[in-house]
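Welcome, and thanks for taking a look at this one with us. Here is a short briefing to read alongside the model, arranged by topic.

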Amino acid sequence: MEQVKILQIKQSVFANNDAQAEALRRELKERKLYLLNLMSSPGSGKTTTLTRLIAALKDQLRIGVMEADIDSDVDARTIAAAGAKAIQLHTGGMCQPP
């Protein structure tokens, strides 16, 4: 009896994700929208970076931020106070929304 079973995958396991990402890129380009996905460890300066970007660009661009946090809206309130529209997602302990 074999101890290890080998499965050969003949296509990318990310094919569906890649297709969806490409469709999103096309839609954003058509609508002349720019999307920035900013992710990093807690306390690394994401909110500070965003508030400085908002301060520098809010008079030229409409800016919206989707903030994800376990159970807090502190960063979303900071973003809103800086002059951008903010939406808060509570992830309930997950690193990303379900």
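Which pattern does the protein follow when read along the sequence? The answer is α-α-β-α-β, made up of 3 helices and 2 strands. The radius of gyration is 19 Å, well over the 13 Å that the globule rule gives for 98 residues, so the protein is more spread out than a compact globule. Please keep in mind that this is a predicted model.

**Overall dimensions and packing**

- Taken along the principal axes, the box filled by the C-alpha atoms is roughly 65 × 35 × 20 Å.
- Of the 98 residues in the protein, 12% are buried.
- Among contacts between residues at least 6 apart in sequence, 19% join residues at least 24 apart.
- The protein exposes about 8900 Å², and 55% of that area is supplied by carbon and sulfur atoms.

**Helix α1 and what follows**

- Helix α1 covers residues 15-30, and its end C-alpha atoms are 23 Å apart.
- That distance agrees with expectation, because 16 residues at 1.5 Å a residue should span 22 Å.
- Lys32 follows α1 and has a positive phi, near 55°.
- The loop between α1 (15-30) and α2 (46-57) includes Tyr34.

- How many salt bridges does the structure hold? There are 4, and the ones described below include two that involve Glu22.
- Arg25 pairs with Glu22 in a salt bridge, with 3.1 Å between the closest N and O atoms.
- These two residues are 3 apart in helix α1, so about one helical turn separates Arg25 from Glu22.
- Arg26 also meets Glu22 in a salt bridge, at 3.8 Å from N to O.
- Here the spacing in helix α1 is 4 residues, so Arg26 and Glu22 are again separated by about one helical turn.
- Arg25 is partly exposed, with a relative accessible area of 48%, and Arg26 is partly exposed at 46%.

- Arg77 forms a salt bridge with Asp73, and the closest N and O atoms are 3.0 Å apart.
- Arg77 counts as exposed because its relative accessible area is 57%, whereas Asp73 is partly exposed at 30%.

**A nonpolar surface patch**

- Which residues make the nonpolar surface patch of about 600 Å²? They are Tyr34, Leu36, Leu38, Leu53, Leu57 and Leu61.
- Tyr34 is the member that lies in the loop between α1 and α2.
- Is Tyr34 buried or exposed? Tyr34 counts as exposed, because its relative accessibility is 75%.

Terms used
Residues numbered from 1 in each chain as written. Predicted model: local features only at pLDDT ≥ 70, side-chain atom pairs only at ≥ 80, totals over all residues. Heavy atoms only, no water. Patch = residues over 30% accessible without salt bridge, like charges linked within 9 Å, V, L, I, M, F, W, Y side chains within 5 Å. Areas by Shrake-Rupley, 256 points an atom, 1.4 Å probe, with all protein chains shown as cover. Salt bridge = Lys/Arg side-chain N within 4 Å of Asp/Glu carboxyl O. Buried < 20%, exposed > 50% of the residue type's maximum accessible area, 1.4 Å probe, protein only. Expected span 1.5 Å × (residues − 1). Rg over C-alpha atoms; globule rule 2.2 N^0.38 Å. Contact = heavy atoms within 4.5 Å.
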